[in-house]
There are 2 protein chains.
Amino acid sequence: MKINNKHYQTIWVKKENPKIIQAIDQRLLPFEFKIVDLKTVDDVYFAIQNMVVRGAPLIGVTAAFGIYLALLNSDNSKSNDKYILEVAKMLGSARPTAVNLNYAVARQMNALKKAHSWNEKVRVALETAKRILREEKEYCRQIGLHGLTLIEKICEKKSHQTVNILTHCNAGWLACIDYGTAMAPIYFAFDKGIKVHVWVDETRPRNQGARLTTWELGHHGVPFTLITDNTGGHLMQQGLVDLVIVGSDRTSIKGNVANKIGTYLKALSAKDNKIPFYVALPASSIDWELQNNCDQIQIEQRDAEEVMFVEGFRENKIEKVRICPENTNIANFGFDVTPARLITGLITDRGICKAEREDILKLFPEYN
Amino acid sequence: MKINNKHYQTIWVKKENPKIIQAIDQRLLPFEFKIVDLKTVDDVYFAIQNMVVRGAPLIGVTAAFGIYLALLNSDNSKSNDKYILEVAKMLGSARPTAVNLNYAVARQMNALKKAHSWNEKVRVALETAKRILREEKEYCRQIGLHGLTLIEKICEKKSHQTVNILTHCNAGWLACIDYGTAMAPIYFAFDKGIKVHVWVDETRPRNQGARLTTWELGHHGVPFTLITDNTGGHLMQQGLVDLVIVGSDRTSIKGNVANKIGTYLKALSAKDNKIPFYVALPASSIDWELQNNCDQIQIEQRDAEEVMFVEGFRENKIEKVRICPENTNIANFGFDVTPARLITGLITDRGICKAEREDILKLFPEYN
């Protein structure tokens, strides 16, 4: 994606020095555009847990680089299986809900089995992280192409009037490496000249919609309108939404989708108003082992401060205001699970399928 | 209700000087407790439009005092029918969705028909406003008593474990004169020793839940937890909500309920999880003329700034931060309509009924 005419990804290996991983600091957007250096596995752990980087595909890739940095900064005596396992466990625990974290770490563990010397391990870890990065980027491009067909169909059905798409949180290129998951079809449609307009849920408590999705769409030139999380239902009742596309942090093989808290409410509303509700996700966000119901997905609970304080811009500074009485008791669940019965379909890198085991496995037969 | 052991209503005639109406300035809560003087009809219009006072029952009563102040500050030459009609129209337009505004203004117009001299008009207008105030207070008390029976039943069914009640926005005593609509049953249950706990939706964009409902509950000592508007669905899925009670700005005779934006999403979620969803409202919030569907209710659109900026407390001052890029396009709908089919029942001042014409008219046969 281009920011002021320069192409960016969310994360990359520093050209001049491959011992440093660089990433966009998403905590400061849209108010400040800053690149951070990740030099150690602790830097990576901090970046994931504190949402310097966020979004299921991106935190997976970041964790893969974390294992590379851990090895790079260790020595031959430490770079044994036990140490790698410890690092993998630590990184895997940084945020519990997104399955991509486990996926990327497992990929690294597997690749490293074949490496023996410290040198080889470091090289393999870097190559694997870079491979996962390239794959995730390509997954998103494929999601974009498949999702585009949906938007094209609606566009035709509406006689080329504007297609109104609602999205929740940020499942754009900032959540991935490039393109995005939920947003990729929108960018592809826009670039093809289809008239699209996006309703952007602000997505409390961290306002990823208000801060990141607006910023992305603005830079790409896609028309959008910011709304509170309460508004989507009314818009759907009024016929102002043609399609909902969201991302996913973990999708079970049965098609139940864990995504940013509030997604379930939008899915209910879409169902009630007969509006197609799609989830866009790469294979790396599917939990192939989650055979049973949604209750098995661990829902992250985050700090009460995220609800109590709202961060924003004031007098050229990023500042926080407290929005409730002091000592207010607060619950802050990060995700909810949308049951498969509310989902029209999944837009994956291999095509669109129903949110059900059989149909998912048709696209991914190797997991059968 | 008591604030630091002193009894308050939201609005009253100043004891020492009946030419002044006093009200709590709700724009500053919970950070500052301030009483404002309303001396003219323009003061009243400003207070309603800028949400110094808010909540359907309260803005109705405030408008009734507005007509009194208009007459008080006019002279005999101006206090004619034409002038009163103009004032009524102006006040009625201050906020379009709540029907209580029209109700109170119509009551005044009707009462004033029998008054002739300026003196008499002023006296009648004050008496009528005070009567509406007393009635609204009593309506809320009755709603509390009827709603209490619902909570008592759930308490018994749960073998006296804590009853978890979710509410949206503020339909407490701050929205009324005293007691509240949705909150009255909760206060009555708490005062009777029933273990209750309230999930408080923060209610973006103006955060009436985070600012007002928390403040009310805290002063009364009722246990509560503040959540983002996105969270209720997840809590319901997890069995953490036993009952939803919300207020209403306008309920059609068919049982469709206009209330704060986002109410519809919670009603959908309650239905999906088989949780009782009740709307508490006085007779003055029922629009007896709205025979057809929800589309006839005018949904107020408010300033984009309410979404773009979040107000809170910082370094002992009330301040605002901008939460999105500058020049972001924003839509700010104040209300949505929850269809009757999602509503378990209405808690009115005359008892509990189904959200349907026939059942409502059984309680209010005079409107048949």
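Contact here means heavy atoms within 4.5 Å. By that criterion, and setting aside neighbours within four places in sequence, A:Gln161 is in contact with A:Cys155 and A:Lys195. The model is predicted: local features need pLDDT of at least 70, side-chain atom pairs count only at pLDDT 80 or more, and totals for chains, interfaces and linings use all residues. Residues are numbered from 1 along each chain, chains are lettered from A, and side-chain values use heavy atoms, without hydrogens and water.

A:Gln161 belongs to the loop between helix H5 (118–157) and strand S6 (163–167) of chain A; helices (H or I, at least four residues) and strands (E, at least two) are DSSP runs numbered from the N terminus. Its C-alpha is 8.6 Å from that of A:Val196, at a sequence separation of 35 residues.

Over all chains, the whole structure holds 16 aromatic pairs. Rings of Phe, Tyr and Trp (its six-membered ring) pair if their centres lie within 6.5 Å; planes under 30 degrees apart count as stacked, over 60 as edge-to-face and the rest as tilted. The rings of A:Phe31 and A:Phe313 are stacked because their centres are 5.0 Å apart and their planes at 10 degrees. A:Phe31 lies in the loop between strands S4 (21–24) and S5 (35–38) of chain A, and A:Phe313 in strand S14 (residues 309–314), so the pair ties together parts 282 residues apart in sequence. Buried means under 20% relative accessible area; A:Phe31 is buried at 15%, and A:Phe313 is buried at 19%.

One aromatic cluster is formed by A:Tyr8, A:Trp12, A:Phe33, A:Trp173 and A:Trp215.

Conventions:
Buried means under 20% relative accessible area, exposed over 50%, partly exposed in between (1.4 Å probe, protein chains only).
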